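Please examine the sequence and the three-dimensional structure shown below.

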Amino acid sequence: MSRIWESLFSKNGLAAKEIAGKMLHIQEGDRIPRVSDLAKTLEIGNGTVQGALKVLENLHAIHLEARGHLGTFLRKKDVVLLKEIAGVGSLIGAMPLPYSPKYEGLATGLIEASEAMLNHIDLAYMRGSKQRLESLKARRSDFVIMSQLAAEQEVSEDENLEIALNFGAHTYVTAHQIFFSNHSEHKIKDGMRVGIDYTSIDQSKITLMECRGLDVELIPVNYMQLFEMLLKGDLDAAVWNADENRARETFQVGEFQSASTRQVVKNASTSVILIEKDRKDVKEYITKLDKEKILRIQQQVVNKEKLPHY
């Protein structure tokens, strides 16, 4: 690492960083731009361009071959080294734990779509939209994935946040439903113990709306503990992702009684990418992602036509 940065502190080295980014877009065996063209584009002298190319060759980032009047050709390049020199790294995205085929498919689609771009995507998996939001604001993540419902609430509270990409309905979850420990129950009633995860904007907001006006006991829980607590009878009911097949096979499932809740859950099924407004570089990258490819791959994973990888 030190040998790279020592070489790049000079005037030629600074130009080498710019030219390294351009070399990433040139295929091995292709002709590179003329020195005069690079000098004009970068607004530097021809000598500086020549010095910069020499720096890149000395670092073994590229190997050039001059072919007289035909020009100079890129015989070989070290992509990893060129990215390091150019300051090009991966974008970090935070999304929910991939416990459902939809999440696995979305993660796979994002990874594969980014492979065709200069910067690749690395994903971190975090339970709870609040935790993902904290990672965004702390700049541990460049973007986060959450539901439209959660994202719109955060945007309304923070003017520096914006939704950069909306994947459409049923791309986050198929739906939310109410799960009951007692198979004879179909709706939340007075006296019930209802699980609520305050770290999940969706789950907590939907739960509070459905329980409005009812005399219930709200039990704070970790979203991932809902199954065991319902199974043991520590909870009577809980709002949960309908894609959780284990829960659907084990518990009684009920639909939302409140009309306002039924309207809200539609936005909870939609995946969006949330970013900070002042990260123009991130927004430019996100808007270039092949959305249709991502959705196609997600559906292939859901349909078991493709193995997930992320």
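Two residues are said to be in contact when heavy atoms of theirs lie within 4.5 Å. The structure is a predicted model, in which local features need pLDDT of at least 70 and side-chain atom pairs count only at pLDDT 80 or more, while totals for chains, interfaces and linings use all residues. Residues are numbered from 1 along each chain as its sequence is written, and side-chain values use heavy atoms, with hydrogens and water left out.

Leaving aside neighbours within four places in sequence, phenylalanine 143 is in contact with Leu91, Ile92, Gly93, Ala94, Ile121, Leu123, Leu136, Ile273, Leu274, Ile275, Val282 and Ile286. Phe143 is also among the residues with the most contacts inside the largest nonpolar core, together with Leu110, Ile273, Ile286 and Leu289. A nonpolar core is a set of buried Ala, Val, Leu, Ile, Met, Phe, Trp, Tyr and Cys residues joined through side-chain atoms within 4.5 Å; buried means under 20% relative accessible area, exposed means over 50%, and partly exposed covers the values in between (1.4 Å probe, protein chains only). The largest core has 26 residues. Helices (H or I, at least four residues) and strands (E, at least two) are DSSP runs numbered from the N terminus. The elements that give two or more residues to this core are β3 (91-95), α6 (101-114), β4 (121-125), β5 (143-147), β6 (161-168), β12 (271-276), α13 (280-288) and α14 (291-302). Its largest share, six residues, comes from α6. A second, separate core of 25 residues includes Ile32, Leu42, Ile62 and Leu74. In soluble globular proteins, nonpolar side chains tend to be buried together.

Glycine 93, one of the contacts of Phe143, lies in strand β3. Glycine 93 counts as buried because its relative accessibility is 0%. Beyond its neighbours within four places in sequence, glycine 93 is in contact with Asp122, Leu123, Ala124 and Phe143. Glycine 93 and isoleucine 273 are 180 residues apart in sequence, yet their C-alpha atoms are 9.0 Å apart in space.

The next topic is a pair of helices. Helix α2 (residues 11-23) has 13 residues and should span 18 Å at 1.5 Å a residue; its end C-alpha atoms are 19 Å apart, which agrees. The expected span is 1.5 Å times one less than the number of residues. The buried residues of α2 are Gly13, Ala15, Ala16, Ile19, Ala20, Gly21 and Met23. An α-helix has 3.6 residues a turn, so residues three or four places apart point the same way.

How do the axes of α2 and helix α4 (residues 46-58) cross, and within what distance do they come? They come within 8 Å and cross at roughly 70 degrees, where axes are lines fitted to C-alpha atoms, for helices over the stretch in contact, and angles run from 0 to 180 degrees between N-to-C directions. The helices α2 and α4 are therefore roughly perpendicular to each other, a term that applies from 65 to 115 degrees; angles under 35 degrees count as roughly parallel, over 145 as roughly antiparallel and the rest as oblique. In this contact, Lys11, Asn12, Ala15, Ala16, Ile19, Ala20 and Met23 of α2 meet Thr48, Val49, Gly51, Ala52, Leu53, Val55 and Leu56 of α4. These residues divide into ten nonpolar, three polar and one charged. Here Ala, Val, Leu, Ile, Met, Phe, Trp, Tyr, Cys and Pro count as nonpolar, Asp, Glu, Lys and Arg as charged, and the others, Gly among them, as polar.

Two loop residues deserve attention for their backbone angles. Most residues other than glycine have a negative phi, and most peptide bonds are trans. Histidine 60, in the loop between α4 and β1 (62-66), has a positive phi near 60 degrees. Histidine 60 is exposed, with a relative accessible area of 61%. Arginine 139, in the loop between α7 (129-137) and β5, likewise has a positive phi, of about 65 degrees. Arginine 139 counts as partly exposed at 43% relative accessibility.

Finally, alanine 238 is located in strand β10 (residues 237-241). Alanine 238 is buried, with a relative accessible area of 0%. Not counting residues up to four places away in sequence, alanine 238 touches Gln177, Ile178, Phe179, Gly195, Leu226 and Leu230.
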